Each structure stands twice: as structure tokens, then as C-alpha cells.
Amino acid sequence: MKIEKDRVVRFHYTVSEAGQPALESSKEGGEPLSILVGHGNIIPGLEKALDGHEAGDSFGVDVPAADAYGERRDNLTQRVPKKHFGAQKLTPGDQVVLNTNFGPRAVTVQKVGMSVVDVDLNHPMAGKDLHFDIEIVDVREASPEEVEHGHVHGEGGHHH
Ligand code: ZN
């Protein structure tokens, strides 16, 4: 079964910046990523690259920043009350997930004060041209409910 819109694909990925060691790999946790295709659940460049592949395929794909996490923007620093971070210990350079008005967002800690924290709202991978190594584990039809919700249910997906 080929990967196309409204199908669920499970795949392993390893992502790196061109010529650099891996930044992140689904193999570290052992669980492949599970996504509903065609609903913008992953970066556009990767979704495009998956199209037409099937279970067992392995391939590499270069995704320029514009098709990945976008270009880096200057002046995206925001000062946030420390209490928003709960009890976690913060060090400049840390990447943490902050609950914002727009939902959870990965940010980078820039400066830690007594009561406030300066964070960079750029996605940690913004502005980076990325290379992905992909292994397709399996492909299945999505249920009508999954298509309606726009995300995967069950294994590797939403439980609700
Ligand atoms: Zn749902």
C-alpha cells in the first residue's frame, strides 16, 4: 500500500543538519512516528518526500529550512515569568516546551533571571537545512474518525 493522503504511515526517522551528527532519532525511543498523511502533521518537505513510498522503503531526503521549520527570525525573544516553567531547572541553551496561547511550543532558553526567563521563540531547528533518513515501517488506511479529527488514533497517536 502506497503512502497517500488519508493513510496512516509509521516510520523511523533520523534527522541531522547537513554534515552534522544526528540531532534526533525515533530509534532512540524505539517507537516509530505515526502520522496521518495530508493533514499537515509533519513539516511540508517531509510529507512531500513520503508520498508514494511503501512499507520497507528506506531513503534519505534533504529538506531546506523553508520546507522544514522555516527561516530563523530575529527579535523573537520573549520574557516569560519563571513560574510558567514549573519546577524545572533552567540553563541558557536548554530547549524546553512552553505552553503558549497557541499551544505547546519548543523554545530555547536565553537568559535566566530571578523571576523571569528570556526565551527565543524560534523553533530550535528553524533556519536549518535538514537531512532525514527514513524507514517506512507500515502503511494503513485511516479510519473515517481519524480523517475527521486530522490525526492518528491508537498506537503512536492520540488517545481520547
Ligand atoms: Zn481524535
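## A charged residue without a partner

Which side chain of opposite charge is nearest to glutamate 47, and how far away is it? In this predicted model, the answer is lysine 5, at 8.8 Å. Glutamate 47 is buried, yet has no salt bridge. A salt bridge here needs a nitrogen and a carboxyl oxygen within 4 Å.

Glutamate 47 sits in helix H1, which covers residues 44-50. Beyond its neighbours within four places in sequence, glutamate 47 touches a run of residues: Ile35, Leu36, Val37, Gly38, His39, Gly40, Asn41 and Ile42.

## Two domains

Let's step back to the layout of the chain. Domain 1 is built from two stretches, 7-69 and 127-149, while domain 2 spans 77-120. Between the C-alpha centres of domain 1 and domain 2 there are 28 Å.

## Salt bridges across the chain

Side chains of opposite charge can pair when their charged atoms come close. The whole structure holds 12 salt bridges. One of them joins arginine 7 to glutamate 141, with 3.0 Å between the closest N and O atoms. Because arginine 7 belongs to strand S1 (residues 7-17) and glutamate 141 to strand S9 (residues 130-141), this pair ties together parts that are 134 residues apart in sequence. Arginine 7 counts as buried, at 14% relative accessibility, whereas glutamate 141 is partly exposed at 42%.

A second pair is glutamate 135 and lysine 27, whose closest N and O atoms are 2.4 Å apart.

Next come aspartate 120 and arginine 72, which meet in a salt bridge of 2.4 Å, N to O. Aspartate 120 is in strand S8 (residues 116-120) and arginine 72 in the loop between strand S4 (58-63) and strand S5 (77-81), so the bridge ties together parts 48 residues apart in sequence. Aspartate 120 is buried, at 9% relative accessibility; arginine 72 is partly exposed, at 48%. Shared partners also join salt bridges into one network of Glu4, Arg7 and Glu141.

## The zinc site

Four histidines hold the zinc ion: His149 through ND1, and His151, His153 and His160 through NE2, at 1.9 to 2.2 Å. Their spacing in sequence is H-x1-H-x1-H-x6-H. The arrangement is tetrahedral because the 4 donor atoms subtend angles of 96 to 125 degrees.

Notes: Residues numbered from 1 in each chain as written. Predicted model: local features only at pLDDT ≥ 70, side-chain atom pairs only at ≥ 80, totals over all residues. Heavy atoms only, no water. Donors = N, O, S within 2.8 Å, 3.2 Å for Na, K, Ca; no water. Tetrahedral: all angles 85-135°; square planar, octahedral: opposite > 155°, others 65-115°. Domains from an automatic or database assignment. Helix = DSSP H or I, 4+ residues; strand = E, 2+ residues; numbered from the N terminus. Buried < 20%, exposed > 50% of the residue type's maximum accessible area, 1.4 Å probe, protein only. Lys, Arg positive; Asp, Glu negative; His and termini not counted. Contact = heavy atoms within 4.5 Å.
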